[in-house]
Amino acid sequence: MATEVKDNLMGINEKENGNPRAVFYKKPIKKDNYNLDIDNIDSPQEVRRQRLLKFQKKCRDIAFNVGRGIVEEAFKSEDEFEEDMEIEECDRKKYYSPKRYKHYANQLMMSEWMLDVPQDLLEKWIIVPCPQGKRTLVVACKGVTKAYNKRGLRLGRFYSALPGGNPSGHRSSCTIIDCVWLKQQKSYYVLDVLAWSNQSLVNCDTEFRFYWLKSQLQEIKELQDRDTRLNTFPILSLPNISCNTDMSSALTDITDLHPLDGLLFYHRDGQYTKGRTPLVTWLKPFMLPEVLGIFVPSPLDEKPDGYIDYRYYILNSRVKKRKEVAESQMEIADENS
């Protein structure tokens with residue numbers, strides 16, 4: 001199946017002139033990412049993927065120090081006795097300007113579009129469905145839980161049953177997780193884990209992180225509660241779908257997450273790396289038949305108006321993203337002026 005899927009995509013690529021992949025690459029990894037030297041944007045995605053895996057195996061100590069550093073910063077962070085603020089979109093921007101914490105900025109692991117079907121798709125990849133919401137870094141430390149966006153802006157603070165996340169637990173513990181915040185449901189869905197109860201996990205491979213995360217979330221039943229003394233918002237797990245299973249059937253079972261933003265493909269051996277990485281790739285659900293030859297059940301197969309093909313969609317998404325980034329930078333400049 002993996003060979004057929006790859007051959008289908010290569011056949012599509014050969015119809016284009018030159019190098020069709022070049023226009024689809026997202027922005028290169030920032031200079032503060034320690035993987036910069038092996039992520040050459042001119043290299044095919046599969047080549048960069050293999051280089052990164054080799055680099056991570058050699059440099060586990062670097063990753064461990066990165067994870068330990070963010071845990072230490074959490075203990076040095078702002079006073080936990082500041083005024084409580086519920087997590088939600090704030091429409092009153094002129095009355096509230098969120099504070100930015102640089103040590104939490106650009107810490108999330110971000111995906112690339114799946115430009116090349118991985119050679120080891122069936123053996124080495126795990127799918128995580130991602131619901132539509134706001135990506136957040138959730139930090140439970142010193143008896144309170146705080147959430148930050150990708151730029152390090154603090155969105156709010158609350159109590160959670162995560163280790164270190166409420167006054168009744170161990171205040172000396174620190175837990176950091178990668179989440180999606182769903183405003184309408186007022187719930188968190190956990191994508192990944194950076195640290196749990198002071199133990200850094202960024203240097204562990206994806207398969208172990210997911211196993212650890214699933215077992216811990218299942219063990220702490222209070223995380224499913226809402227508006228309790230220990231847990232303000234539900235903190236819920238997401239399915240992990242192995243690519244060597246019947247993916248079509250597995251996708252049928254996740255319709256409760258609709259509307260689904262997309263599907264994240266994680267390499268089993270990848271470590272948690274801040275910034276963009278070819279070891280986590282991304283597709284919209286309606287792209288699966290075209291890219292991987294996989295049947296997608298309704299309503300996941302619904303295409304946006306004006307959809308032509310996945311190449312055109314990716315190119316337009318990149319242009320739209322650049323515009324959003326430019327507007328965001330202008331907003332920051334206005335706030336600082």
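The structure is a predicted model, in which local features need pLDDT of at least 70 and side-chain atom pairs count only at pLDDT 80 or more, whereas totals for chains, interfaces and linings use all residues. Residues are numbered from 1 along each chain as its sequence is written, and side-chain values use heavy atoms, with hydrogens and water left out.

Helices (H or I, at least four residues) and strands (E, at least two) are DSSP runs numbered from the N terminus.

Strands are taken to pair if DSSP finds at least two bridges between them. E6 pairs in the antiparallel sense with E3 (residues 134-141) over 8 bridges; within this pairing, Thr136 has Cys179 as its bridge partner. A further antiparallel pairing, over 7 bridges, joins E6 to E7 (residues 187-196), with Ile176 standing opposite Ala195. E6 and E7 form a hairpin with 4 residues between them, and Lys186 in the turn has a positive phi of about 50 degrees.

Rings of Phe, Tyr and Trp (its six-membered ring) were paired if their centres lie within 6.5 Å, with planes under 30 degrees apart counted as stacked, over 60 as edge-to-face and the rest as tilted. By this rule the count comes to 13 aromatic pairs. Tyr104 and Tyr148 form a tilted pair, at 4.3 Å centre to centre and 40 degrees between the planes. This pair links distant parts of the chain, 44 residues apart: Tyr104 lies in the loop between H3 (60-76) and E1 (109-113), and Tyr148 in E4 (residues 144-148). Both Tyr104 and Tyr148 are buried. The ring centres of Tyr188 and Phe233 are 6.3 Å apart with planes at 65 degrees, so this pair is edge-to-face. Tyr188 and Phe233 are likewise buried. One aromatic cluster comprises Trp113, Phe286, Tyr307 and Tyr313.

Lys99 is located in the loop between H3 and E1. Contact being defined as heavy atoms within 4.5 Å, Lys99 touches Gly152, Leu153 and Arg154, not counting residues up to four places away in sequence.

Conventions. Buried < 20%, exposed > 50% of the residue type's maximum accessible area, 1.4 Å probe, protein only.
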